[in-house]
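The structure under discussion is shown here.

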Amino acid sequence: MAAARTGKSGRERLLKLTYDKIDYFETVFGGMTIGRYINGLISMFQSQSKYDEISDFFKKHPIKQAERSISQGLEKIKTTSALVARDREGKRLNSSQDQK
């Protein structure tokens, strides 16, 4: 998980590994641990496109014991994505007003 915190490429690699090895992770971690792992990973993403990608993946590969954690992680992505979009729009409006 520490590798994922080093930057976008680390997060992307860890997410791809998780996609590729989800059955293994579910077997090894099991219980609440898999939910905490997934939530910790997916909560680091901030875009609507990642929300869509991750949501689609877990619709196709549901993990019963991690449903709530996945839902919480997806909600965090959605909220963060909305905040980033709002801030971008605010900066855009401010810069256009500064040019007047």
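Ile34 has its place in helix α3, where helices (H or I, at least four residues) are DSSP runs numbered from the N terminus. The model is a predicted one, in which local features need pLDDT of at least 70 and side-chain atom pairs count only at pLDDT 80 or more, while totals for chains, interfaces and linings use all residues. Residues are numbered from 1 along each chain as its sequence is written, and side-chain values use heavy atoms, with hydrogens and water left out.

Ile34 counts as buried because its relative accessibility is 0%; buried means under 20% relative accessible area, exposed means over 50%, and partly exposed lies in between (1.4 Å probe, protein chains only). Leaving aside neighbours within four places in sequence, Ile34 is in contact with Phe25, Glu26, Phe29, Ile63, Gln65 and Ala66, contact meaning heavy atoms within 4.5 Å. The C-alpha atom of Ile34 is separated by 8.8 Å from that of Ser69, a residue 35 places away along the chain.

Ser69 is found in helix α5, and with 17% relative accessibility Ser69 also counts as buried. When residues up to four places away in sequence are not counted, Ser69 touches Gly35, Arg36 and Asn39.

**The nonpolar core**

A nonpolar core is a set of buried Ala, Val, Leu, Ile, Met, Phe, Trp, Tyr and Cys residues joined through side-chain atoms within 4.5 Å. The largest such core holds 21 residues, of which Ile38, Ile54, Phe58 and Ile63 touch the most other members. Two or more residues are given to this core by each of α1 (8–20), α2 (22–29), α3 (31–42), α4 (48–60) and α5 (67–98), and the element that gives the most is α3, with 5 residues. Phe58 touches Ile22, Ile38, Ile63 and Ile70, if residues up to four places away in sequence are not counted.

**Aromatic rings and a surface patch**

A pair of aromatic rings is described by the distance of the centres and the angle of the planes. Rings of Phe, Tyr and Trp (its six-membered ring) pair if their centres lie within 6.5 Å, and planes under 30 degrees apart count as stacked, over 60 as edge-to-face and the rest as tilted. A search of the whole structure finds 6 aromatic pairs. In one of them, the rings of Phe25 and Phe29 have centres 5.6 Å apart and planes at 25°, so the pair is stacked. These two residues are separated by about one helical turn, because Phe25 and Phe29 lie 4 residues apart in helix α2. Phe25 is buried, with a relative accessible area of 11%, whereas Phe29 counts as partly exposed at 32% relative accessibility. Phe29 also pairs with Tyr37, and here the ring centres are 5.3 Å apart and the planes stand at 35°, so this pair is tilted. Tyr37 itself counts as buried, at 12% relative accessibility. Ring pairs link Tyr24, Phe25, Phe29 and Tyr37 into a cluster.

Tyr24 has its place in helix α2. Together with Val28 and Phe29, Tyr24 makes a nonpolar surface patch of about 290 Å². Patches are made of residues with over 30% relative accessible area and no salt bridge, with like charges joined within 9 Å and nonpolar side chains (Val, Leu, Ile, Met, Phe, Trp, Tyr) within 5 Å; accessible areas come from the Shrake-Rupley method with a 1.4 Å probe, and for residues only the protein chains shown count as cover.

**Salt bridges**

Side chains of opposite charge can pair when their charged atoms come close. With a salt bridge taken as a side-chain nitrogen of Lys or Arg within 4 Å of a carboxyl oxygen of Asp or Glu, a search of the whole structure finds 4 of them, including those in the table.

| Salt bridge | N to O distance |
|---|---|
| Asp20 and Lys16 | 2.8 Å |
| Glu53 and Lys50 | 2.9 Å |
| Arg86 and Asp87 | 3.0 Å |

Arg86 is exposed, with a relative accessible area of 53%, and Asp87 counts as partly exposed at 38% relative accessibility. Salt bridges that share partners join Glu12, Lys50 and Glu53 into one network. Glu53 and Lys50 are separated by about one helical turn, because they are 3 residues apart in helix α4. Asp20 and Lys16 both lie in helix α1, at 4 residues apart, or about one turn of the helix.
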